[in-house]
Amino acid sequence: QVRLVMKAHSFVRENVPRVLSSVKDKAGTVHIPRISQYLYFLFAPTLIYRDSYPRNPTIRWGYVATKFAQVLGSLFYAYYIFVRLCIPQFRNSSQETFNLRGLVLCIFNSILPGVLILFLVFFAFLHCWLNAFAEMLRFADRMFYK
């Protein structure tokens with residue numbers, strides 16, 4: 001939801017001044033973006049709206065398959081972390097009476113799996129998922145922050 005709100009803000013911020021200036025100048029044509037431009041922007045891995053982006057000439061389907069396989073591998077690894085490190089900790093805690101020592105031990109034993117899951121989510125979404133969609137959309141500007 002935050003990503004979609006940021007994209008909507010960028011779209012409005014780029015297009016409203018253009019429309020207002022053409023209305024103020026009484027120009028005959030008002031440049032309004034097409035729906036296809038907006039839909040491309042919604043799926044492109046960028047938060048800055050432009051009417052056109054640099055595009056690659058072809059789609060490397062092997063690269064797309066590799067990125068989706070990495071997402072799938074990350075999901076299986078996250079499942080393994082939950083099954084081996086998280087579930088045994090909390091399964092035992094539900095059968096015992098509540099005490100502060102047990103709570104602190106559960107929290108400290110969950111720090112490492114939590115950090116591993118966080119890294120996996122960042123890798124799977126920000127690196128693999130968004131690069132796969134960038135390749136399928138032929139989005140060429142992947143070194144924006146470099």
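Rings of Phe, Tyr and Trp (its six-membered ring) are paired if their centres lie within 6.5 Å, with planes under 30 degrees apart counted as stacked, over 60 as edge-to-face and the rest as tilted. In this predicted model, local features need pLDDT of at least 70 and side-chain atom pairs count only at pLDDT 80 or more, whereas totals for chains, interfaces and linings use all residues. Residues are numbered from 1 along each chain as its sequence is written, and side-chain values use heavy atoms, with hydrogens and water left out.

One aromatic cluster is formed by F11, Y38, F41 and Y49. The face of F41 also has K7 over it, 4.5 Å from the ring centre (NZ of Lys or CZ of Arg within 6 Å of the ring centre and within 35 degrees of the ring normal). Likewise, the charged end of R60 is placed over the ring of Y63, at 4.5 Å from its centre.

Helix 1 (residues 2-24) packs with helix 2 (residues 35-43) at an angle of about 140°, the axes being 10 Å apart. Helices are DSSP runs (H or I, at least four residues) numbered from the N terminus; axes are lines fitted to C-alpha atoms over the stretch in contact, and angles run from 0 to 180 degrees between N-to-C directions. Contacts (heavy atoms within 4.5 Å) join R3, L4, K7, S10 and F11 of helix 1 to Y38, F41 and L42 of helix 2.

Across the whole structure, eight aromatic pairs are found. The ring centres of F68 and F133 are 6.4 Å apart and the planes are at 90°, so this pair is edge-to-face. Because F68 belongs to helix 3 (residues 61-93) and F133 to helix 4 (residues 100-136), the pair ties together parts 65 residues apart in sequence.

Note on methods:
Helices (H or I, at least four residues) and strands (E, at least two) are DSSP runs, numbered from the N terminus.
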